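Please consult the sequence and the model shown here while reading.

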Amino acid sequence: MERINASDFKARCLSILDRVKSSGERVVILKRGQPVAELGPATQSSDHYPQLRLKGTVTVVGDIVGPVVPEDHWESNR
């Protein structure tokens, strides 16, 4: 894994991004010698909407539209 100073990253950002995309290599970005960020290739998802992965994982039990507490317990009805 390559380590690069933030000032060097700033100067060569686009070429580093291209290299990370093509090689899959991760790059650690340093500020004053301390790691502050890690740059890696983006994960590719086949789903257009990430929520589609959750389809079929929820079970509806009971009424999801009605009130949770019966109306006779409402303070506004007293």
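The model is a predicted one, in which local features need pLDDT of at least 70, side-chain atom pairs count only at pLDDT 80 or more, and totals for chains, interfaces and linings use all residues. Residues are numbered from 1 along each chain as its sequence is written, and side-chain values use heavy atoms, with hydrogens and water left out.

With a relative accessibility of 4%, Ile4 counts as buried (buried means under 20% relative accessible area, exposed over 50%, and partly exposed in between, with a 1.4 Å probe and protein chains only). Apart from neighbours within four places in sequence, Ile4 is in contact (heavy atoms within 4.5 Å) with Phe9, Arg12, Ile16, Val27, Val28, Ile29 and Leu30. From C-alpha to C-alpha, Ile4 and Arg53 are 36 Å apart in space, and 49 residues separate them in sequence.

Ile4 also belongs to the largest nonpolar core, which has seven residues; the others are Phe9, Ile16, Val20, Val27, Ile29 and Leu39. Such a core is a set of buried Ala, Val, Leu, Ile, Met, Phe, Trp, Tyr and Cys residues joined through side-chain atoms within 4.5 Å. Helix α2 (13–23) and strand β2 are the elements that give two or more residues to this core. Val20, one of the core residues, touches Glu25, Val27, Leu39, Gly40 and Pro41 when residues up to four places away in sequence are not counted.

**The sheet**

Strands of a sheet pair through backbone hydrogen bonds, either parallel or antiparallel. Here three strands form an open sheet in the order β1-β2-β3, with mixed pairing (two strands pair if DSSP finds at least two bridges between them). Strands β1 (2–5) and β3 (34–39) are the edge strands, and each pairs on one side only. On average, neighbouring strands of this sheet are turned by 30 degrees against each other, direction ignored (axes are lines fitted to C-alpha atoms, for helices over the stretch in contact, and angles run from 0 to 180 degrees between N-to-C directions).

Four bridges join β1 to β2 (residues 27–31) in the parallel sense, and Asn5 stands opposite Leu30 in β2. Strands β2 and β3 run antiparallel and are joined by five bridges; Lys31 stands opposite Gln34 in β3. These two strands form a hairpin with two residues between them, and Arg32 in the turn has a positive phi of about 55 degrees.

**Salt bridges**

There are three salt bridges, each defined as a side-chain nitrogen of Lys or Arg within 4 Å of a carboxyl oxygen of Asp or Glu. They are set out below.

| Pair | N to O distance |
|---|---|
| Arg19 and Glu2 | 2.2 Å |
| Glu25 and Arg19 | 3.5 Å |
| Arg26 and Glu38 | 2.6 Å |

Arg26 lies in the loop between α2 and β2 and Glu38 in strand β3, so this pair ties together parts that are twelve residues apart in sequence. Arg26 is partly exposed at 37% relative accessibility, as is Glu38 with a relative accessible area of 44%. Through shared partners, salt bridges join Glu2, Arg19 and Glu25 into one network.
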